[in-house]
Amino acid sequence: MKLIFIGPPGAGKGTHAAAISEALGLPIIGTGNILRESVKNGTELGQKAKSFMDAGQLVPDELILSMVKERLSAPDCAGGYILDGFPRTLPQAEALTAMGITPDHVLSLEVDDSAIISRLTGRRVCDNCGATYHVVGMPPKTEGICDVCGNALSVRADDREETVKERLRVYHEQTEPIKAYFEQMGLVRGFDSTGSVAAVTRALLQYLGASQ
Ligand code: AP5
């Protein structure tokens, strides 16, 4: 099964991709995570991407496309995958089609802009294992400590309020149009992502025929 998550920054793409990955045994191809890992490791890709990410802008399509093509050719993608954060522009969506890839479902997580700022300023992430929390909606068992690996949690560099506003602007301008692209193919299903994390995960799993 090939799934795509789309939605504004902070809609819950990473959170629900993790739950569905666990339930269905599918690898997650999260372009934001791959880029952050590249920045952390100081790779050539990371050095090229960093300034765009810090400013809340999209990384140029050509860098993203070669990164995604390489990742999708790995053996663990043979049985399907979850795309989180890709495609994010019309040229990226068209490139996916040109690669002969048609997703089974495009899961659109819907949240108003007004809710996004508080979500993202309350987000805490583990730089070691990638787990994501929220200080109110999904707190770790011990404040500031990752449940999974015990690492100290931190605030993502692009979760400052001004950068979040820019990411939202870029989302509406460049990413929202890909919804219509996949709607024409009859692949998009919208989910209200303002309920509890557990309720949204349940609705997604039910739709995918994998009820908890
Ligand atoms: P990326 O990492 O993909 O960031 P994003 O799309 O802005 O999405 P986020 O990771 O911020 O949010 P999310 O929807 O995953 O929400 P989450 O589950 O964490 O990209 C970062 C940057 O990399 C981009 O700005 C760009 O520069 C670059 N990039 C990446 N891909 C690219 C591409 N294809 N092309 C070009 N550039 C690219 O949830 C957020 C918070 O809310 C969490 O704390 C969570 O616990 C909480 N939460 C989630 N669901 C709920 C709920 N139902 N109720 C309450 N709280 C909730």
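**Exercises on a predicted model**

Ser 66 belongs to helix H4, which spans residues 61–72. The structure is a predicted model.

**Exercise 1.** Determine whether Ser 66 is buried, partly exposed or exposed, and find what its side chain reaches.

*Solution.*
- Step 1: The relative accessibility of Ser 66 is 47%.
- Step 2: Buried means under 20% and exposed means over 50%, with partly exposed in between.
- Step 3: Ser 66 therefore counts as partly exposed.
- Step 4: The side chain of Ser 66 reaches the backbone oxygen of Leu 63 at 3.3 Å.

**Exercise 2.** Classify Thr 89 as buried or exposed and list its contacts.

*Solution.*
- Step 1: Thr 89 lies in the loop between strand E3 (81–84) and helix H5 (90–98).
- Step 2: Its relative accessible area is 6%, so Thr 89 is buried.
- Step 3: Leaving aside residues up to four places away in sequence, Thr 89 touches Leu 58, Asp 61, Gln 174 and Ile 178.
- Step 4: With Asp 61 there is a side-chain to side-chain polar contact of Thr 89, at 3.1 Å.

**Exercise 3.** Describe how helices H6 and H7 pack.

*Solution.*
- Step 1: Two packed helices are described by the angle between their axes and the distance between the axes.
- Step 2: For H6 (residues 113–121) and H7 (residues 161–175), the angle is about 140 degrees and the axes are 10 Å apart.
- Step 3: H6 and H7 are therefore oblique to each other.
- Step 4: The crossing of H6 and H7 is right-handed.
- Step 5: H6 contributes Asp 113, Ile 116, Ile 117 and Leu 120 to the contact, and H7 contributes Glu 161, Val 164, Lys 165, Arg 167, Leu 168 and His 172.
- Step 6: Sorted by class, this contact holds 5 nonpolar, 1 polar and 4 charged residues.

How values were computed. Residues are numbered from 1 along each chain as its sequence is written. This is a predicted model: local features need pLDDT of at least 70, side-chain atom pairs count only at pLDDT 80 or more; totals for chains, interfaces and linings use all residues. Side-chain values use heavy atoms; hydrogens and water are left out. Helices (H or I, at least four residues) and strands (E, at least two) are DSSP runs, numbered from the N terminus. Buried means under 20% relative accessible area, exposed over 50%, partly exposed in between (1.4 Å probe, protein chains only). A polar contact is a pair of N or O atoms within 3.5 Å; within protein, one must be able to donate a hydrogen and the other to accept it, and residues adjacent in sequence count only if both atoms are side-chain atoms. Axes are lines fitted to C-alpha atoms, for helices over the stretch in contact, and angles run from 0 to 180 degrees between N-to-C directions. Angles under 35 degrees count as roughly parallel, over 145 as roughly antiparallel, 65 to 115 as roughly perpendicular and the rest as oblique. A crossing is left-handed if the near helix is turned anticlockwise from the far one by less than a right angle, and right-handed if clockwise. Contact means heavy atoms within 4.5 Å. Ala, Val, Leu, Ile, Met, Phe, Trp, Tyr, Cys and Pro count as nonpolar, Asp, Glu, Lys and Arg as charged, and the others, Gly among them, as polar.
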